[in-house]
Amino acid sequence: MAAITRDEVIKRVGRGDKLERIDLKGLDLSKAKLVKGSFERADLDGANLEAADLSQASMRRATLREAYLVGANLAGVNLENADLEGAKLERANLAGANLTRANLEGANLTNANLAGAQLSYAQLAGAKLGRANLANAVMTHAELDEAYLGAVAAPGARLNNTSLAGANLEEAKLAGAILDEATLSRANARGVDFTRTSLVKTNLSGADLTNADLTGADLRYATFARAQLAGARLTGAKAAGLIGTGLPLGAGAVEVIWLDLSPAGDGSQRVENGVLPAVLMTGAVAASAPPGGESRRRYFGRGDVLRNAALQFDAGAQIEIDSLFQDCTIQLGDDTELVIGPSGVLADCEIVGAGNVTIHGKFFEKKSPGIVGLRELHVSGKGAVVAAVTQNPERTRFEFETGCQLRVKIVPTGAPTDKR
Amino acid sequence: MNDKNALTGKHTLVEEGTELTGTIKSSVPIVVMGKIEGDIAGPEIRVAATGVVAGNVKVQRLRSEGELAGVVEAEAVQISGRVRDRTVIRARTLEMTVTSQGMEVQFGACELQVGDEPNKAAAIAAATAAAATPPDAVRKPDETSRKRGTQPPPLG
């Protein structure tokens, strides 16, 4: 039960009173004029604010769980740290709003206008943002796992370090947006417009990029392991250090005339024609190897434990693992040497890239194929491997010693992988 | 493989140029320089570089420098030739190396089931126990067990 009536709220806002920490739970404030109202820490859970005018209102740390804000004008509102879990915000105008660290989990923002809004560190897991306007919005470090962003318009938006794992971005317009170091693993990015989008170090593992337009995109050091690229357009993309799909591309499946492999992304190392499928399948890490090619050694000792990590080792690196790795992705550059020592256990992991791997310990894949594109795989007499192995386009060289334990499916390049 | 002279005792020989379709059950080793298609059972089968074996193979020991296809069940398997698509190899032990002539094993889409099924839970438990062991109890990594790759930095 709300502490005061609808008329009293409108009257007090009109007077410029502060309604901080007030209980307005479940109150009907539909179509109310509440411009510049002060509702900091107010409780508006379940309130009806349909078509209300809350533009320029101050609502920091307010709770609006399951509130009904369809068609509301929230332009320039300050909702920093507000709790909007499950709120209905369809067609709401949130242009220029401050939603930094707001909780919008499961909120419905279909067709909402979020142009220029601040959403850094906002929680938007499972939120519905279909056809929303996110032009120039700032969403750095926001969490959007499993969110629906179908057909959103987000030109110039800043999505660095956002987590979009399993999100649906079908037909989204992200031209010129910045998604550096974002996670789009398993995302549905079919038909997305990524033209000139910055995707530096972005994780696109397992993403569906069918018919996506990546023309001129900056894909340096991005990971495409198991990504689907059928019908994608990639001409002019910057691809130095890119980790390839490890999957067959299919004849004519990708539209690409040239790629830029220069580490600086300045167009000085264009590659064309025959090289392109190899770059997209097995990666372009070699192109980003440091001058001089000096090798770097890494040792992960016995007793160490590493979980949920993505590790990338450039061409020429030498790595030995005697530790426990769980849920890790290891990306190897060309001719990188990886040795899993006798004490090493890689559980629920994947190894991707044109490296050479020796296994004295144990490797268990998480998803099939768990080993993609290796040049050499050597399993010693003490080694054990449970994985599907997709071969390198030039065929992986296998060596198995007597005594090894194997549950291995070998998939040649060009064959579809078996989903376990 | 020194094909004909590889076995000094009695053996069944399928010569180069011979193609055999059907079931072969032998109490002596089989040497295949030609082609066999069908079910094969015996103590041992040796497939020469010119040989092709396709079908269900049940033997104690299999050694192949030629081409294999089908389902192979054996105690010990040694391969240095080609393995065709849809081949399954079930073995207690498998040795697969580059031949003395530098030929590499070429795989189609195939499945290898070798030795006991690796136990993930036990492996994680052992590695976790190692993590709980005080650092001074951790032994120095066994240098001799490494065939290639990096050497760890000296401890201490």
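Tutor: Before the sheets: two strands pair if DSSP finds at least two bridges between them. Helices (H or I, at least four residues) and strands (E, at least two) are DSSP runs, numbered from the N terminus. This is a predicted model, where local features need pLDDT of at least 70 and side-chain atom pairs count only at pLDDT 80 or more, while totals for chains, interfaces and linings use all residues. Residues are numbered from 1 along each chain as its sequence is written, and chains are lettered from A and ligands numbered from 1 in the order in which they are written.

Student: OK. What is the strand order in the open sheet of three strands in chain A?

Tutor: The order is 1-2-3, and the pairing is mixed.

Student: Which strands stand at the edges?

Tutor: Strand 1 (237-238) and strand 3 (270-272) of chain A. Each has a single partner strand, so one side of each has no neighbour in the sheet.

Student: And how many bridges link strand 2 and strand 3 of chain A?

Tutor: Three, in the antiparallel sense, with strand 2 covering residues 258-260. Leu259(A) has Val271(A) in strand 3 as its bridge partner.

Student: Switching to chain B. How many helices and strands?

Tutor: Chain B has one helix and ten strands. Along the sequence the pattern is β-β-β-β-β-β-β-β-β-β-α.

Student: Which strand of chain B does strand 18 of chain A pair with?

Tutor: Strand 10 of chain B, antiparallel, over five bridges; strand 18 of chain A runs over residues 405-411. Leu406(A) stands opposite Val114(B) there.

Student: Last one: why does Arg61(B) count as partly exposed?

Tutor: Because Arg61(B) has 17 C-beta neighbours inside 10 Å. A residue is buried if 20 or more other C-beta atoms lie within 10 Å of its own, exposed if 12 or fewer, and partly exposed in between, with C-beta atoms placed from the backbone. Arg61(B) lies in strand 5 (residues 52-64) of chain B.
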